[in-house]
Amino acid sequence: MKSKEEFEGFSDHEYRPIAREKSIEVLEKLIKKNRPKRILEIGTFIGYSASIMLEADKDNFVCTIEKDEKNAKDAVKNLTELGFAGRFEVVCADAIDFLVEHQDEKYDFIFLDGPKGQYIKYLPYLKKMMNSGAVLLADDILFYGLVRSDEKIDHKHRALVNNLRKFIEAIENDDELETIIYDFANGMSESRKKG
């Protein structure tokens, strides 16, 4: 497996939305533990986290959504070169459009790592798409500590932080989900759909 720095497209970006090391550890561990057959990922970037999921269990399929056309092409190239051809699909689309159009499809695992301010908007669709016992893993839910901060949030981040707070409240108080919040780094949530 090559390092993320070796992925096609990595050096093209100053800002690289790649899951942090601790998040990748949790993701890999959950894939190995749960062995999901069908995985949905929101936020492909250049395919690094998708490659981790495909590598963690040789018997799964990943459908990953990326809005940026160049990133989507780079992801296809990276995942193909790594030997995962036939086990993934990179869909170049806005996540909400994909979710609305494909809401009747079912998945065993969902990795949510797209635009953080949209998580709450995605949630009703994601829940509907989860099989019984499926896991929804959401990355960066604490957003640099701002989500749990009592300090005044600057205007630039206020809507995003408020939406993440709503998302956390929704998953923690949903009777259909069992949720764990991980406080490390930017935080993650793991929500399992009760069966």
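Me: Let's start with Lys127: buried or exposed?
Reply: Keep in mind that this is a predicted model. Lys127 is buried, as its relative accessible area is 15%, and the cut-off for buried is under 20%.

Me: Which residue does Lys127 form a salt bridge with?
Reply: Its partner is Glu176, and the closest N and O atoms of the two are 3.2 Å apart. The pair ties distant parts of the chain together: Lys127 belongs to helix 5, while Glu176 is in the loop between helix 6 and strand 6, 49 residues apart.

Me: And how does Glu176 count by accessible area?
Reply: Glu176 has a relative accessible area of 41%, so it is partly exposed.

Me: OK, how many salt bridges are there in the whole structure?
Reply: A search turns up 17. One of them joins Asp183 to Arg148, with the closest N and O atoms 2.6 Å apart. That pair also links distant parts of the chain, with Asp183 in the loop between strand 6 and strand 7 (188–193) and Arg148 in the loop between strand 5 and helix 6, 35 residues apart. Arg148 comes out as partly exposed, at 46% relative accessibility.

Me: Switching topic: how do helix 5 and helix 6 cross?
Reply: Helix 5 (residues 119–129) and helix 6 (residues 155–172) have axes that come within 8 Å and cross at roughly 30 degrees. Angles under 35 degrees count as roughly parallel, so helix 5 and helix 6 are roughly parallel to each other.

Me: Which residues meet there?
Reply: From helix 5 you get Tyr119, Ile120 and Leu123; they meet Asn163, Leu164, Lys166, Phe167, Ala170 and Ile171 of helix 6. By class, that contact has seven nonpolar residues, one polar and one charged.

Me: Now the inside. How many residues does the largest nonpolar core have?
Reply: It has 33 residues, and Leu40, Phe98 and Leu112 have the most contacts inside it. Among the elements giving two or more residues to this core are strand 1 (38–42), strand 2 (61–66), helix 4 (95–101), helix 5 and helix 6. There is also a second, separate core of 25 residues, including Ile24, Leu30, Val90 and Met188.

Me: Back to Leu112, what does it touch?
Reply: Leaving out residues up to four places away in sequence, Leu112 touches Ile42, Tyr119, Tyr122, Leu126, Leu136, Leu137, Ala138, Asp139 and Phe167.

Me: Last bit, the overall layout. How many helices and strands are there?
Reply: The protein chain has six helices and seven strands. Starting at the N terminus, the order is α-β-α-β-α-β-α-β-α-β-α-β-β.

Me: And what share of the residues counts as buried?
Reply: 50% of the 195 residues in the protein chain. As for contacts with a separation of 6 or more, 68% are between residues 24 or more positions apart.

Technical notes: Residues are numbered from 1 along each chain as its sequence is written. This is a predicted model: local features need pLDDT of at least 70, side-chain atom pairs count only at pLDDT 80 or more; totals for chains, interfaces and linings use all residues. Side-chain values use heavy atoms; hydrogens and water are left out. Axes are lines fitted to C-alpha atoms, for helices over the stretch in contact, and angles run from 0 to 180 degrees between N-to-C directions. Helices (H or I, at least four residues) and strands (E, at least two) are DSSP runs, numbered from the N terminus. Angles under 35 degrees count as roughly parallel, over 145 as roughly antiparallel, 65 to 115 as roughly perpendicular and the rest as oblique. Contact means heavy atoms within 4.5 Å. Ala, Val, Leu, Ile, Met, Phe, Trp, Tyr, Cys and Pro count as nonpolar, Asp, Glu, Lys and Arg as charged, and the others, Gly among them, as polar. A nonpolar core is a set of buried Ala, Val, Leu, Ile, Met, Phe, Trp, Tyr and Cys residues joined through side-chain atoms within 4.5 Å. Buried means under 20% relative accessible area, exposed over 50%, partly exposed in between (1.4 Å probe, protein chains only). A salt bridge is a side-chain nitrogen of Lys or Arg within 4 Å of a carboxyl oxygen of Asp or Glu.
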